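Hi everyone, thanks for coming.

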Amino acid sequence: NGTSINYTNITISQISAGFYHSIFLDTNGNVYSCGRGSNGILGHGDTSNKYTPTLIQTFTDSNGDTNYTNITITQISAGFYHSMFLDTNGNVYSCGYGDGRLGQGSNGHKYNPTLIQTFTDSNGDTNYTNITITQISADYDHSIYLDTNGRVYSSGYGGDGRLGHGNTSSKSTPTLIQYFVTNNITISQVYGGNEHSIFLSNDLYVATIEYPAQWTYSDTDASVYHLGNVG
């Protein structure tokens, strides 16, 4: 509320620095933020800047219902102009600049952390129930979500293929990356950069490439060989 409070015995367990703001998670599952407040990226219900870490007091569903009590946040991620929060039940909340990066299915800015209610498959089917998210990554202009089954979803700007859907289309809701499902690849960790995304799998993956290679001998150094026809 802008009032200086003597917060004692606060133990921070996780931090995330975005482009213009920072987020802090304490051991009780409370979240604090500070920095530029543009587009609601701090989650305080307005666009005011905060010069000290300030408690985020309101979480809401996509309809604006703020009767969300007993929410305990376990993971935070700060992007370029948005913030994401994961709770103990595997639900994801987002706030900030209102394009697809928020995963809310609309272009309106969100000034409080707002529940993402819809996940879709690669064909647009929204009948995805019992999805529990275990990891989030808020990136430059896109977001990535990992569920308990090792499946990955992404939303936001699709330029340069950063969403992983095999094209440059943007997504307004978290959409399943079909490539991993088709190839039976289970992902254990996700991370998004400025204009790209990376994924870690614990699966053993072996690839072989066959081509007509030619070994050649060096007259000047008997220990040096060159593998020809390698691009």
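Let's start with a question: which side chain meets the side chain of aspartate 141 in a salt bridge? The partner is arginine 162, with N and O 2.8 Å apart. By salt bridge I mean a side-chain nitrogen of Lys or Arg within 4 Å of a carboxyl oxygen of Asp or Glu. Side chains of opposite charge can pair when their charged atoms come close.

Quick housekeeping before we go on. This is a predicted model, so local features need pLDDT of at least 70 and side-chain atom pairs count only at pLDDT 80 or more, while totals for chains, interfaces and linings use all residues. Residues are numbered from 1 along each chain as its sequence is written, and side-chain values use heavy atoms, with hydrogens and water left out.

Back to our pair. Aspartate 141 sits in the loop between β9 and β10 (142-147), and arginine 162 in the loop between β11 and β12, so the bridge ties together parts that are 21 residues apart in sequence. Those labels come from DSSP runs, numbered from the N terminus: helices are H or I with at least four residues, and strands are E with at least two. Both aspartate 141 and arginine 162 are buried. Buried means under 20% relative accessible area, exposed means over 50%, and partly exposed is in between, using a 1.4 Å probe and protein chains only. Arginine 162 counts as buried because its relative accessibility is 4%.

Arginine 162 has another partner, aspartate 160, and there the closest N and O atoms are 2.9 Å apart. That links Asp141, Asp160 and Arg162 in a network of salt bridges. But aspartate 160 counts as exposed, because its relative accessibility is 60%. Aspartate 160 also has a positive phi of about 65°, although it is not a glycine. You'll find aspartate 160 in the loop between β11 (152-156) and β12 (171-176).

How many salt bridges does the structure hold? There are 4. One of them joins arginine 101 and aspartate 99, at 2.7 Å from N to O. Arginine 101 is buried, at 7% relative accessible area.

Asparagine 184 has a positive phi too, about 55°, and it is not a glycine either. Look for asparagine 184 in the loop between α1 (178-182) and β13. Asparagine 184 is exposed, with a relative accessible area of 65%.

Last stop: glycine 79, in the loop between β5 and β6 (82-87). Glycine 79 is buried, at 4% relative accessible area. Its C-alpha atom is separated by 7.8 Å from that of alanine 17, 62 residues apart along the chain.
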